[in-house]
Amino acid sequence: MKLSFYGADRCVTGSCHCLEVCGKKILIDCGLQQGRDEIDNRSLPFAPNQIDYVLVTHAHIDHTGRIPLLVKNGFHGEILTTRLTAELMQIMLLDSAHIQESEAEYDNRKGERAGKEPVEPIYTVEDAQNVFRFVSTCEYGETVALCDGVRVTFTDAGHLLGSASITLEVSENGLTKTIVFSGDIGNVDQPIIRDPQYLKKADYVVMESTYGDRNHTEVWSYTDELAEIIDETLSKGGNIVIPSFAVGRTQELLYFIREIKDAGLVKSVPDFPVYIDSPLAKQATTVFCGDLHGYLDEEALELVKDGTHMFSFPNLHLVETSEESKLLNMDTTPKVIISASGMCDAGRIRHHLKHNLWRDNSAVVFVGYQGAGTLGRRLLDGVESVRLFGEEIAVRAKIVNFQGLSSHADHDHLLSWIESYDPRPARVFVVHGDADVIPAFSAELETRGFATYAPLYTASYDLAADRELERGYQPEKKRTAAATLADDLYSKLLAAAEALLELVRSKKGAPNKEKKAFTKQILDLIEARR
Ligand SMILES: [Zn+2]
């Protein structure tokens with residue numbers, strides 16, 4: 001009865017854990033390592049053809065993105081997940097494969113000119129299509145006998161449509177243990193999906209800790225605030241550009257905009273046009289419009305029963321081709337444009353930013369977390385101009401940060417989630433949190449009487465004996481170009497400050513009037529930058 005850790009260890013992407021029991025190897029998630037967390041997405045730290053089962057908590061790429069690689073390298077077991085995760089996963093893995101293919105193509109075009117050997121994509125669209133030969137599905141609450149000695153149950157984790165915490169009851173050599181993998185634990189009171197269901201019984205819990213150091217800010221009326229910004233911007237003749245993640249967040253926005261239209265909250269243009277400019281978002285929305293029984297919160301189920309469509313309203317347009325997308329920027333009618341990627345680092349959103357950032361009557365509304373070093377983060381930090389498609393674009397549009405929506409439980413809700421176990425689990429394995437969050441959150445759990453273990457990458461643990469087998473290691477973080485640029489800019493800023501100090505020192509004998517004026521200039525600068 002051995003548990004090994006192959007991802008999301010002291011970082012927040014690449015989720016992958018392996019339970020060895022009853023002669024079987026069972027993976028729980030197999031996600032892509034993203035951004036700063038990337039160690040090596042091309043190879044897996046175990047033999048793919050030795051894995052018997054993959055259990056998938058939810059469809060996000062940081063939990064599923066290496067499954068096509070697993071299949072490409074010889075996996076031929078069973079992949080089990082909820083019905084809706086399977087549907088969303090199909091869309092997301094195909095999209096991820098497209099990205100892998102086009103990145104390799106781009107690298108190869110550049111590499112060829114530099115005389116380099118061509119690289120292969122991590123996996124292809126065909127590899128992603130092959131995944132679905134191995135997928136079988138179940139519903140929440142249904143207990144599945146995976147093999148002799150292993151029973152599995154998926155419970156609603158309230159994080160994304162179809163998302164689950166997974167409970168495994170395993171019996172080996174006369175010993176029975178219950179192990180819960182939390183998956184990503186959802187926030188409370190989100191639209192559409194249900195609150196996370198609390199579990200009561202486990203010997204061991206493998207728990208995420210993304211927001212282990214923070215609470216979400218007070219929830220206010222999302223629809224009122226959003227309506228106000230839309231109203232204000234449209235009345236000035238500008239556009240509202242919303243960078244959004246295609247799966248989950250975009251559907252929430254549609255849900256809110258339908259409420260805004262139903263209640264007539266936008267007075268200037270009640271029938272304002274809304275464009276979803278993301279083929280992935282369009283496909284995902286069709287899953288959200290399918291058979292959702294067993295997956296929705298009560299309010300949303302009521303809407304389905306009434307025949308009211310949760311995500312559609314008059315003057316909603318789904319943009320398919322990139323030609324249609326470009327035409328949007330020719331059309332001068334004020335509108336709402338929702339497009340991906342959510343952090344503005346890729347995709348069609350960059351065109352919409354190019355055409356709207358410089359306009360002082362437009363608004364850019366951020367509705368999700370913006371990672372360090374991303375274009376989205378820089379805009380929130382108040383940069384005065386950005387470079388897009390080789391052009392310097394001034395930032396004059398209103399930049400708004402909507403922090404009200406998070407699909408992750410915050411610090412207090414994570415604690416209530418783990419404290420609902422009765423009796424307490426023998427040990428909590430703390431994963432899926434940043435390197436500085438995991439030790440702090442583990443220490444807090446310890447003070448509350450939990451025994452914890454925060455694994456390093458490739459660590460393994462004997463569950464029968466409750467002891468560490470292998471320590472694992474902390475991989476070097478890959479430095480991104482953005483991080484290098486940020487460091488470089490900071491040293492330039494420091495150098496400029498030192499030059500200023502030198503200039504100040506040279507003014508010792510200058511006329512008093514000049515000294516006074518210079519002091520004021522510096523104090524004004526400090527005040528403006530504080
Ligand atoms: Zn997630």
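In which loop is the place of P423? I found P423 in the loop between α12 (411–419) and β20 (427–431). Helices and strands here are DSSP runs numbered from the N terminus (helices H or I, at least four residues; strands E, at least two).

**Ground rules.** I am working with a predicted model, where local features need pLDDT of at least 70, side-chain atom pairs count only at pLDDT 80 or more, and totals for chains, interfaces and linings use all residues. Residues are numbered from 1 along each chain as its sequence is written.

**Cis bonds.** I noted a cis peptide bond joining D422 and P423, with omega about 0 degrees. Another joins A340 and S341, with omega about 10 degrees. S341 sits in the loop between β15 and α10.

**Positive phi.** I kept in mind that most residues other than glycine have a negative phi, and most peptide bonds are trans. A8 is not a glycine, yet has a positive phi of about 60 degrees. I located A8 in the loop between β1 (2–5) and β2 (17–21). A8 counts as buried because 28 C-beta neighbours lie inside 10 Å. The cut-offs: buried means 20 or more other C-beta atoms within 10 Å of the residue's own, exposed means 12 or fewer, and partly exposed is in between, with C-beta atoms placed from the backbone. D189 also has a positive phi, near 55 degrees, and lies in the loop between β10 (175–181) and β11 (204–208). D189 is exposed, because it has 9 other C-beta atoms within 10 Å.

I looked up D95 next, and its place is in helix α3 (residues 83–113). D95 counts as buried, with 21 C-beta neighbours inside 10 Å. D95 and L280 are 185 residues apart in sequence, but 7.3 Å apart in space, C-alpha to C-alpha. In the contacts between the helices, L84, E87, L88, I91 and D95 of α3 meet L280, Q283, A284 and V287 of α7 (contact: C-beta atoms, placed from the backbone, within 7 Å). The axes of α3 and helix α7 (residues 279–288) come within 10 Å and cross at roughly 170 degrees. I used axes that are lines fitted to C-alpha atoms, for helices over the stretch in contact, with angles from 0 to 180 degrees between N-to-C directions. The two helices are therefore roughly antiparallel (the cut-off is over 145 degrees). α3 also lies across β5 (78–82) and β6, running at about 110 degrees to β5.

**The sheet.** I traced eight strands in an open sheet of mixed pairing, in the order β6-β5-β4-β3-β2-β1-β22-β23. Strands pair if DSSP finds at least two bridges between them. The edge strands are β6 (135–138) and β23, each pairing on one side only. β22 (residues 460–462) and β23 (residues 467–470) pair in the antiparallel sense over three bridges. S460 has E470 as its bridge partner, and Y461 stands opposite E468. The two strands form a hairpin with four residues between them, and D466 in the turn has a positive phi of about 50 degrees.

**Helix α10.** Which residues of helix α10 (residues 349–356) are buried? I listed I349, H352, L353 and N356. What covers them includes β12 (240–243), β15 (336–339), β16 (363–366) and β17 (385–388).

Methods. Contact = placed C-beta atoms within 7 Å. Parallel < 35°, antiparallel > 145°, perpendicular 65-115°, else oblique.
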